Amino acid sequence: QRVQALGFPRVRIFRPSMILTPNNRYGMSQAITLAVWPHLGWALRGSLRAARGIRVEDLGRAIALDAARGQSGDGARVYTWDDFQEILRAG
């Protein structure tokens with residue numbers, strides 16, 4: 001709400017649950033997460049879909065594709081996993 005209150009004509013907030021990186025930089029807990037999380041997608045259904053992980057490369061691409069859309073879709077919007085997938089498919 002505070003970002004929206006700044007008065008920008010177009011605001012996009014990307015809310016990934018788990019960003020899957022190619023490298024482990026934070027130790028054993030991240031190593032386990034990076035190994036397990038990509039295989040949990042089948043279990044994350046319904047309202048839990050937003051908790052699915054996204055590869056950092058795909059997230060960056062979705063952000064760039066959305067920015068390239070220019071002014072289409074003015075206003076504020078919060079994106080989650082399903083939105084990232086839609087942007088990438090439309091890419």
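## The largest nonpolar core

The largest nonpolar core in this predicted model has 8 residues: Phe14, Ile54, Leu59, Ala62, Tyr79, Phe84, Ile87 and Leu88. A nonpolar core here is a set of buried Ala, Val, Leu, Ile, Met, Phe, Trp, Tyr and Cys residues joined through side-chain atoms within 4.5 Å. Buried means under 20% relative accessible area, exposed means over 50%, and partly exposed lies in between (1.4 Å probe, protein chains only). In soluble globular proteins, nonpolar side chains tend to be buried together.

Helix α3 gives the most, with 3 residues. Helices (H or I, at least four residues) and strands (E, at least two) are DSSP runs, numbered from the N terminus. Leu88, a member of the core, touches Asp58, Arg61, Ala62 and Leu65, not counting residues up to four places away in sequence. Contact means heavy atoms within 4.5 Å.

## Aromatic rings

The whole structure holds 2 aromatic pairs. One of them, Phe14 with Phe84, is stacked, at 5.8 Å centre to centre and 10° between the planes. Rings of Phe, Tyr and Trp (its six-membered ring) pair if their centres lie within 6.5 Å; planes under 30 degrees apart count as stacked, over 60 as edge-to-face and the rest as tilted.

This pair links distant parts of the chain, 70 residues apart: Phe14 is in strand β1 (residues 10-14) and Phe84 is in helix α3. Phe84 counts as buried because its relative accessibility is 1%. Phe14, Tyr79 and Phe84 form one aromatic cluster.

## A nonpolar surface patch

Met28, Ile32, Val36 and Leu40 form a nonpolar patch on the surface, with about 360 Å² of accessible area together. For such a patch, nonpolar side chains (Val, Leu, Ile, Met, Phe, Trp, Tyr) with over 30% relative accessible area and no salt bridge are joined within 5 Å. Ile32 sits in helix α1 (residues 28-36) and, at a relative accessible area of 47%, is partly exposed.

## Pro38

Pro38 lies in the loop between α1 and β3 (53-55). Its relative accessibility is 46%, so Pro38 counts as partly exposed. Apart from neighbours within four places in sequence, Pro38 is in contact with Leu20 and Thr33. Pro38 and Met28 are 10 residues apart in sequence and 16 Å apart in space, C-alpha to C-alpha.

## Basis of the values

Residues are numbered from 1 along each chain as its sequence is written, and side-chain values use heavy atoms, leaving out hydrogens and water. As the model is predicted, local features need pLDDT of at least 70 and side-chain atom pairs count only at pLDDT 80 or more, while totals for chains, interfaces and linings use all residues.

Methods
Patch = residues over 30% accessible without salt bridge, like charges linked within 9 Å, V, L, I, M, F, W, Y side chains within 5 Å. Areas by Shrake-Rupley, 256 points an atom, 1.4 Å probe, with all protein chains shown as cover. Salt bridge = Lys/Arg side-chain N within 4 Å of Asp/Glu carboxyl O.
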